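Thanks for coming. I will go through one protein chain today, so please have the sequence and the structure open.

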Amino acid sequence: MITWLPHLAHEPFPYDPECHLMFDRHRAESNISYLVSTFGMNDERVAYLLDIFADYSESMSFVRKAGLIQEQAELLSIVDMNYAGTVSNENEFNTLIKRTIDIQKPTVFLSDTHSSTGLVLSVYEKNVRGNTKFRTGVVCVDSHADLYDHSQPLWKGNVFSSLIHAGTVQAMVIVGVPHFRQISIRSELTNSMNQRVVMLEDLNDRDEVNQAIAWLGDQNINQVFYSIDLDGLTTRKLQLTAMEYCPFHILLNLAKYELTGLNKDQIDEHLDDIIRPPSHQQLGRRNLFHIGDNGLNTGELIKFLEICFGFFSHKGINNGIKVDRHSIVGDIVELFGPDVGSRTAVEVAKIAQALLVNSAKYSK
Ligand SMILES: [Mn+2]
């Protein structure tokens with residue numbers, strides 16, 4: 001069962017879901033030409049904008065016709081949409097999660113925010129785990145680690161630090177965080193939090209992969225939850241659009257300003273807003289520069305999931321969090337906004353089905 005979770009009313013949308021309807025391709029193109037003539041091709045920002053515009057060129061020509069991701073036929077044909085929509089508070093949200101858990105079918109949740117992972121695992125902890133012996137590890141794909149200050153209220157940026165701090169999650173392996181970000185994340189974590197997290201860099205390095213999942217298997221856990229934040233994929237190559245962190249938004253931002261005629265200082269200021277747009281969440285700005293350049297392609301991700309399922313099953317560790325004879329296998333999160341060409345929906349469908357197929361194949 002694949003279930004679309006509701007939107008939580010108090011959680012801000014990362015951007016206007018209808019933002020693409022105003023996209024002006026002509027202005028984006030004339031801005032790029034003006035940038036090239038003003039700064040030259042040696043300016044790394046200009047070269048980058050030209051590159052991503054070329055990469056998304058096909059999508060850009062019909063961006064205004066795109067529907068939202070939750071409306072795509074590729075998902076509607078396989079996803080239970082009964083709980084989609086908006087709920088006004090966490091209690092309501094938790095009641096729906098509880099109801100889904102009670103159905104006792106292998107489940108993958110889809111959601112517009114990573115904070116839903118925190119709520120799902122907390123509801124599970126309160127209602128199912130209780131005093132029993134389940135100890136949970138997480139395998140996560142994400143270009144961010146979501147390990148910000150856990151003393152703040154739950155939000156998408158601190159979901160895993162909160163879960164680890166609460167003892168709901170014992171340990172996790174994260175794939176997809178770029179090296180430069182790993183260093184700054186590590187430097188801000190306490191020692192005890194650092195010891196609960198392994199960041200895996202190169203999925204092509206089988207030794208590194210085996211070491212990381214063997215480490216997780218040794219953390220005294222007996223079940224693993226799979227949490228996939230789609231911004232860990234190679235969003236640029238796949239031309240994905242329906243999420244907060246992907247190069248598509250740089251191009252939409254580029255078309256918001258009239259750069260032609262401005263001087264260099266004025267352009268510098270706008271370029272910062274285009275590439276590192278202000279965020280209305282806890283962070284000041286979202287850095288989209290080179291986002292999704294080195295993420296995973298879906299095939300790599302699915303192969304990695306299969307290695308994990310095989311390994312943990314062999315070790316007697318359950319894939320997914322256990323509810324009687326069934327498991328909540330994991331979630332795919334941060335699904336939001338216009339899905340140009342249904343490209344995002346197609347990848348989500350593949351990953352969700354891979355999670356369910358592996359779950360069936362490796363359950364005892
Ligand atoms: Mn995330």
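Let me start with a question: which residues does Ile332 touch, not counting residues up to four places away in sequence? Ile332 touches Val108, Leu110, Ile228, Leu230, Val348, Ile351 and Ala352. Contact here is taken between C-beta atoms, placed from the backbone, that lie within 7 Å.

Some housekeeping. This is a predicted model, in which local features need pLDDT of at least 70 and side-chain atom pairs count only at pLDDT 80 or more, while totals for chains, interfaces and linings use all residues. Residue numbers run from 1 along each chain as its sequence is written.

Back to Ile332, which belongs to the largest nonpolar core. That core has 99 residues, and Ile174, Leu251, Ile332 and Leu335 touch the most other members. A nonpolar core means a set of buried Ala, Val, Leu, Ile, Met, Phe, Trp, Tyr and Cys residues joined through C-beta atoms within 7 Å. Buried means 20 or more other C-beta atoms within 10 Å of the residue's own, exposed means 12 or fewer, and partly exposed is in between, with C-beta atoms placed from the backbone. Helix α15, residues 343-362, gives the most to this core, with seven residues. Domain 1 (2-13 + 68-235 + 291-362) and domain 2 (19-65 + 248-275) both give residues to the core, so it lies between them. Those bounds come from an automatic or database domain assignment. The C-alpha centres of the two domains lie 33 Å apart.

Now the whole chain. The secondary structure comes to 15 helices and twelve strands; these are DSSP runs numbered from the N terminus, with helices being H or I of at least four residues and strands E of at least two. Of the 364 residues, 44% are buried. The radius of gyration is 21 Å, which agrees with the value near 21 Å for a compact globule of 364 residues. It is taken over C-alpha atoms, and the globule rule is 2.2 Å times the number of residues to the power 0.38.

Next, two helices. α1, residues 25-39, reaches 21 Å from its first C-alpha to its last, close to the 21 Å expected; the expected span is 1.5 Å times one less than the number of residues. Which residues of α1 are buried? They are Ala28, Asn31 and Leu35. Seen down the axis of α1, these fall within an arc of 60°, so they line one face of the helix. The arc is that of the directions from the helix axis to the C-beta atoms. His26, Ser33 and Ser37 are exposed on the face turned away. Cover for the buried residues of α1 includes α2 (44-55) and α12 (248-254).

α5, residues 90-103, has Phe93, Ile97 and Thr100 as its buried residues. Down the axis of α5 they also fall within an arc of 60°, so they line one face. Asn91, Arg99 and Asp102 are exposed on the other side of α5. Just after α5, Gln104 takes a positive phi of about 55°.

Last, two loop residues. Most residues other than glycine have a negative phi. Gln239, between α11 (235-238) and α12, has a positive phi near 55°, and Gln239 is buried, with 20 other C-beta atoms within 10 Å. His290, between α13 (264-275) and α14 (298-314), has a positive phi near 60°. His290 is partly exposed, with 17 other C-beta atoms within 10 Å.

Terms used
Contact = placed C-beta atoms within 7 Å.
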